[in-house]
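Walk through this structure one piece at a time. Keep the model in view as you read.

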Amino acid sequence: MDNFDRQGISMSDGDTDHRFMHRAIELARQCPPSSTAYSVGAVIVADGVEIAAGYSRETDEKVHAEESALNKLDPDDPRLTRATIYSTLEPCSTRATATRLPCTDRILAAGIPTVVIAWREPSLFVAACEGVDKLREHGVRVLELTDLAAEARSMNSHLDLS
C-alpha cells in the first residue's frame, strides 16, 4: 500500500520515515542546551499524520522528547496502537529521575508498534542504554536511519560524544 503526502503524491516508506525524522531533528534544534542531557526531538505519527511532537526540556528541565510528545495524547488514544514514534535518539531504558518512567516503558505502555531512531545512545550519561533491545524483545519494530545520525547528533556537539 502506498503512502501519500498532503498533495496526494505517492511516497515510499523510506521517504516518509526520512521526512518525519527530519521533523524530529527540527524539534531537537529547539531544545535548550544542557551539559547533562541530550537534545532530542520526537514525533508521533498515525495514519501518515503527525498527532503529537515534543523535544527535550520542552516543558521542564527533566522531560524527554518522547515523554513530552506522549504527554500530549490521552494514554488510551486508539491511534497509538497503529502509530510510529520517530526519535532522534534511542529511547532511554533507565532514567536518572526515579519518579519518571523510562521512555521505552512509556512507548511499550502506549502500545506503539514501530519506533524509528537516527542514532543509539552513547554511554556518556548511561553506561549501557538498552532501549532498542528492550523494545525489540517486546515485539516492537525498530528501524535505525543511520544515514541521518550525524544530523541528529549535530545539536549535541557541545557534549563529549567520542
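The paragraphs below cover a hairpin, a pocket and some salt bridges.

This is a predicted model. Start with the hairpin. Strand E3, residues 41-46, pairs with E4 in the antiparallel sense over six bridges. Ile44 has Ala52 in E4 as its bridge partner. Two residues sit between the strands of this hairpin, and Asp47 takes a positive phi near 55°. Strand E4, residues 49-55, is mostly covered, with five of its seven residues buried.

Now turn to the largest pocket. Its space is about 540 Å³. The lining has 25 residues, and Thr36, Ala37, Tyr38, His64 and Arg95 lie nearest the centre. Helix H2 (65-71) and strand E5 (83-89) each supply at least two lining residues. By type, the lining holds 11 nonpolar, seven polar and seven charged residues.

Glu67 belongs to helix H2, while Arg95 lies in the loop between E5 and helix H3 (103-110), 28 residues apart. Both Glu67 and Arg95 are buried. Glu67 forms a salt bridge with Arg100 too, with the closest N and O atoms 3.5 Å apart. Arg100 lies in the loop between E5 and H3 and Glu67 in helix H2, so this pair ties together parts 33 residues apart in sequence. Shared partners join Asp60, Glu67, Arg95 and Arg100 into one salt-bridge network.

The whole structure has 11 salt bridges. One of them joins Glu151 and Arg29, at 3.7 Å from N to O. Glu151 lies in helix H5 and Arg29 in the loop between helix H1 and E3, so the pair ties together parts 122 residues apart in sequence.

How values were computed:
Residues are numbered from 1 along each chain as its sequence is written. This is a predicted model: local features need pLDDT of at least 70, side-chain atom pairs count only at pLDDT 80 or more; totals for chains, interfaces and linings use all residues. Side-chain values use heavy atoms; hydrogens and water are left out. On a 1 Å grid over the protein atoms alone, a cavity is a set of points where a 1.4 Å probe fits but cannot get out, and a pocket is an open set with protein on both sides within 12 Å along at least five of seven lines; lining residues have an atom within 4 Å of a point. Grid points are joined across faces, edges and corners, and a volume is the space filled by probe spheres set on the points. Helices (H or I, at least four residues) and strands (E, at least two) are DSSP runs, numbered from the N terminus. Ala, Val, Leu, Ile, Met, Phe, Trp, Tyr, Cys and Pro count as nonpolar, Asp, Glu, Lys and Arg as charged, and the others, Gly among them, as polar. Buried means under 20% relative accessible area, exposed over 50%, partly exposed in between (1.4 Å probe, protein chains only). Two strands pair if DSSP finds at least two bridges between them. A salt bridge is a side-chain nitrogen of Lys or Arg within 4 Å of a carboxyl oxygen of Asp or Glu.
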